[in-house]
Amino acid sequence: MDSLTLSGLTAATFTPMNPDGSIWYEQIGPLVEHLQQSGVSGLYVCGSTGEGISMTSAERRLVAESFVAAARPHGLPVVVQVGHNSLWEARELARHAGEIGATAISANAPSYFKVTAVDDLVECARTIATGSPDLPFYYYHIPHLTGARIDMIDFLERAASRIPNLAGIKFTAPTIHEYQLCVEWNGGQYDILWGSDEMLLSALSIGARGAVGSTYNIAAPLYRRVIDSFDEGDLNSARNWMGKAVRMVRSIYNYPFHAACKAVLEMQGVACGPCRLPLGNLQANQVESLRRDLDAIGFF
């Protein structure tokens, strides 16, 4: 397996959908074009942002194929999230990701029956990763959704010898102290991707090299300014830009998050359609209210 480090900003991509909830495959290309032009350095598809958990496996395969094909001319790496409540189905999705030329695979823990023991979590991840043993595998740590509240240092200590293609963790939790120990584990052996957009500067300060986020779809240039200022040692500017990002996220969270982000993409000229149940959508008056809120903080 080739080593992989996903540096910079990887967009956790939204999935374009039609008004009836079907996948709008034709719009994936324009979305990828927008993301490439905005400055993201990679794509993470069929994750929480992309509503992968609400799709059929057949849809997930087609969505992954569409993103891989659209990203190829731009040289953007594509990580396919293959997590599923059925580990056997997740392993098949992993196998498919390898066949279509994905750069890496990732998977969250099963979430209906909660994983409560670290050895069980490692075995779940190992089972999925064997679907594409030659692709780098990232465990997707998002305990507030999966209920798998396992210490990630314990996970790394046990997974290192049991998952040969383990590349790292997509770390979506506010426990920055735990994240730091993961970044530093065994001399920085693994690629630990930060997953909480509004805490990016905190993650940079303790060694983050790459991040995966939802609002990178709509504000990658803003987050790039955070990173550039930090890299230049200008912490005042980094804090200023990060404050703007936090206010943006705070405004969006006043509405159904996924639908609000898709509405902002539409305001930016990139149609992405509605969300699929059980996620809610915005009414016309909410879209205008969101636009006013973002205007008020100078977002546009």
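Which helices and strands each supply at least two residues of the lining of the largest pocket? In this predicted model, the elements that do so are α5 (143-146), β8 (210-213) and α11 (257-267).

## The largest pocket

The space in the largest pocket comes to about 820 Å³, and 40 residues form its lining. Those that lie nearest the centre of this pocket are Ser 48, Tyr 140, Ile 142, His 144 and Leu 145. Of the elements that contribute to the lining of the largest pocket, α5 gives the most, with four residues.

When the lining residues of the largest pocket are sorted by class, 18 are polar and 16 are nonpolar, while six are charged.

## The second largest pocket

About 230 Å³ of space lies in the second largest pocket, which has a lining of 13 residues. Nearest the centre of this pocket lie Leu 222, Arg 225, Gly 298, Phe 299 and Phe 300.

Two helices, α9 (216-231) and α10 (235-252), each supply at least two residues of the lining of the second largest pocket, and α9 gives the most, with five residues. By class, this lining has nine nonpolar residues, together with two polar and two charged ones.

## The two linings side by side

For the largest pocket, the lining draws at least two residues from each of α5, β8 and α11, whereas for the second largest pocket α9 and α10 each supply at least two. The class counts can be set beside each other in the same way: 16 nonpolar, 18 polar and six charged residues line the largest pocket, and nine nonpolar, two polar and two charged residues line the second largest pocket.

Conventions: Residues numbered from 1 in each chain as written. Predicted model: local features only at pLDDT ≥ 70, side-chain atom pairs only at ≥ 80, totals over all residues. Heavy atoms only, no water. 1 Å grid on protein atoms, 1.4 Å probe; cavity = no way out; pocket = protein on both sides within 12 Å on 5 of 7 lines; lining within 4 Å. Points joined across faces, edges and corners; volume = space filled by probe spheres on them. Nonpolar A, V, L, I, M, F, W, Y, C, P; charged D, E, K, R; others polar.
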